[in-house]
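Let's take a friendly look at a few spots in this structure. Have the chains open beside you as you read.

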Amino acid sequence: MQKIPLDEWVQTLVNWMEDHLTVLFNIISAVIEGIVKGFTWLFMLPHPFLFIIILGILAFLVGRLSLTLFSVIGFLLIYNLGYWSQTMDTLSLVITSALISVVLGIPLGIWCAYSKGASRIITPLLDFMQTMPAFVYLLPAVTFFSLGVVPGVIASVIFAIPPTIRLTLLGIQQVSGELTEAADAFGSTSGQKLFKVQLPLALPTLMAGVNQTIMLSLSMVVIASMIGAQGIGAEVYRAVTQLQIGKGFEAGLVVVILAIVLDRFTQRLFKSDKKRGR
Amino acid sequence: MSILQLQKVSKLFGAHADSCVELLEQGWTKERIAKEKSVTVGVNRVSLSIEESEIFVIMGLSGSGKSTLVRMLNRLIEPTSGEILVHGKDLMKMNKEQLRKVRRQTISMVFQKFALFPHRTVLENVEYGLEVQKKDKKLRRDKAAKSLELVGLKGWGDKSPDELSGGMQQRVGLARALANDPEILLMDEAFSALDPLIRRDMQDELLDLQEKMKKTIIFITHDLDEALRIGDRIALMKDGSVVQVGTPEEILTQPANAYVERFVEDVDLSKVLTASHVMRRPETIMADRGPRVALELMRERGISNLFVVDRAKRMLGVITAEDASAAMRVGQSLEDILIVDGPRVQPDVVINELFEITSLAKVPLAVVDDQNRLLGVIVRGAVLGALAGENSSKEVIPDAENTTG
């Protein structure tokens, strides 16, 4: 029996895209690179100590004292270990991919909630994106966007966007039927129903999705570093390939600190808003 | 003309729902359609005319299709077939924009589980209907506050709905529905989630509000007592069809079939029948006649008291035979012996509340209207007779028994 030439088909498709969509890829590349560089510039603008003070104040505003203490001590440690600029690079990468995921993911989630057809197509696609090994789509990403931070962001978005889409959909579906009926019964347009009733009520669930998206994009930083994205992931990668166990631990610890701070920040942000309805 | 008219409105659920409407018309039963076509008949060709400013109760057990029916009246559920005419205009033929207008201005809804928006304050909930109409902020605030005041929740506007008790939450639901000043109010089991005492209060309050507002209210309930208490007319539903439509009295006293009969057999008649049911024609005399004429009249009719009225039939009081004969001896006029503080009730008082009055009173109970015109008289026997299940008290109580012990 003859093998289906699936590999050739994919290769052909990728080649075709490379030949015909270069302009599009260049635009995307420029935009993403611009955003990442903008964030890095912003984060590197203040002196690390000033940055830490601002972070501490923000932490105190959104959360409790423990979060403030952890953020300040954690970032002081990062500075002390000498990973400051790498950490800021990584932070920019993570925030950029989270931002792109949210900007694309929430509308997609809403679309799925409104259209059964969209949901039927997008759901298996999400499964595909979450389970397909990252290295497999890293290669075409490099083909399209060349080495550097951009394919890293793209790979992170592919891996990290599903929770935002899924939980936006779930959040809207969880709004009780009587509430959407009430919105309809008083003559809301679909837009009014969405923005005045469904989204505000879906917000806690939706934000849990955003939180997951941020965590997942952070978990991609090491992989992103393999295709040339600068940052703390690159430090981990270098330490591991050179068998420097101590250095590897240091860089790994920085990732953990960053992860915990980002997680608690995003969780706190929406937990202070207690109004919710099911 | 009726404000709301339903003509053969049906709702069928299932893949080939549309084609099965025809089968219903051909006389297929609900069961046969379910079995052979896997289509569920939710509402089966319901035709109703609902009049302006009446409380029309749609009553039925769960699964009878009443909630589906009420949701078709503002097209939250699309009917499979039939016509729904609001002021003569077919709701089914309206486009989205026109339908929205009807929902915003003509028909409001109150929900079983209140359906308040938990992320909005009480006031913001009440003004929702005006907000989606993009009304001026100050205007809608004012209207919402007025609406809240109407339901007795003045000053609660800034609370969050979950800080309120169930009864208060449903008042907010009612206020929200009233804020748009709709002509028609749909109330879907609006009081079912409340405990019995609160439920009664809410029923009373709804009746009070209705006195003032004169809305057309379509009230869904599974509770027969509630239906009888607040309904001007009741439609009884079973298996998606309307079994009987009538006033509470008609449903009770002339059940259309065995189902209705079984449904209403446990009803406490004393809470349903009113004074106007058990009263009979009073024997009266003009105030300017003398005691002798009065005595003669009583002797002739074989009764021991008489109601004294003026020329406009307004009730002045009642006289007894003993007082009249004493007055005749000493030469007093009827006005001197008039008992003016005898009990009087309005015709719509339920007879449950008449027991105590009739048993304490020395003279028969007078039924009077707003202008104090004498409409009828109630003797104790009539009250009991009505409860014994007699349709017409006039036949049971002998004509000459215009007396109390």
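## A word on burial

A residue is called buried when its relative accessible area is under 20%. Please keep in mind that this is a predicted model.

## Confidence in chain A

Chain A has an average pLDDT of 89, and 97% of its residues score at least 70. One stretch calls for some care: over residues 274–278 of chain A, pLDDT stays under 50. The model gives this stretch eleven contacts beyond four places in sequence.

## Helix α1 of chain B

Now to chain B, where helix α1 spans residues 17–25. Its buried residues are Ala17(B), Cys20(B), Val21(B), Leu23(B) and Leu24(B). Viewed down the axis of α1(B), these buried residues lie within an arc of 165°, so they line one face of the helix.

What covers them? Just past the end of α1(B), Gly27(B) adopts a positive phi of about 100°.

## A buried lysine

Is Lys66(B) buried or exposed? Lys66(B), which belongs to helix α3 (residues 66–72) of chain B, has a relative accessible area of 4% and is therefore buried.

The side chain of Lys66(B) reaches the backbone oxygen of Leu61(B) at 3.3 Å. Setting aside neighbours within four places in sequence, Lys66(B) touches Ile58(B), Met59(B), Gly60(B) and Leu61(B), as well as Glu189(B), Ile220(B), Thr221(B), His222(B) and Met237(B).

How values were computed: Residues numbered from 1 in each chain as written. Chains lettered and ligands numbered in written order. Predicted model: local features only at pLDDT ≥ 70, side-chain atom pairs only at ≥ 80, totals over all residues. Heavy atoms only, no water. Buried < 20%, exposed > 50% of the residue type's maximum accessible area, 1.4 Å probe, protein only. Helix = DSSP H or I, 4+ residues; strand = E, 2+ residues; numbered from the N terminus. Arc of directions from axis to C-beta. pLDDT = per-residue confidence, 0-100. Contact = heavy atoms within 4.5 Å. Polar contact = N/O pair within 3.5 Å; in protein donor to acceptor, adjacent residues only side chain to side chain.
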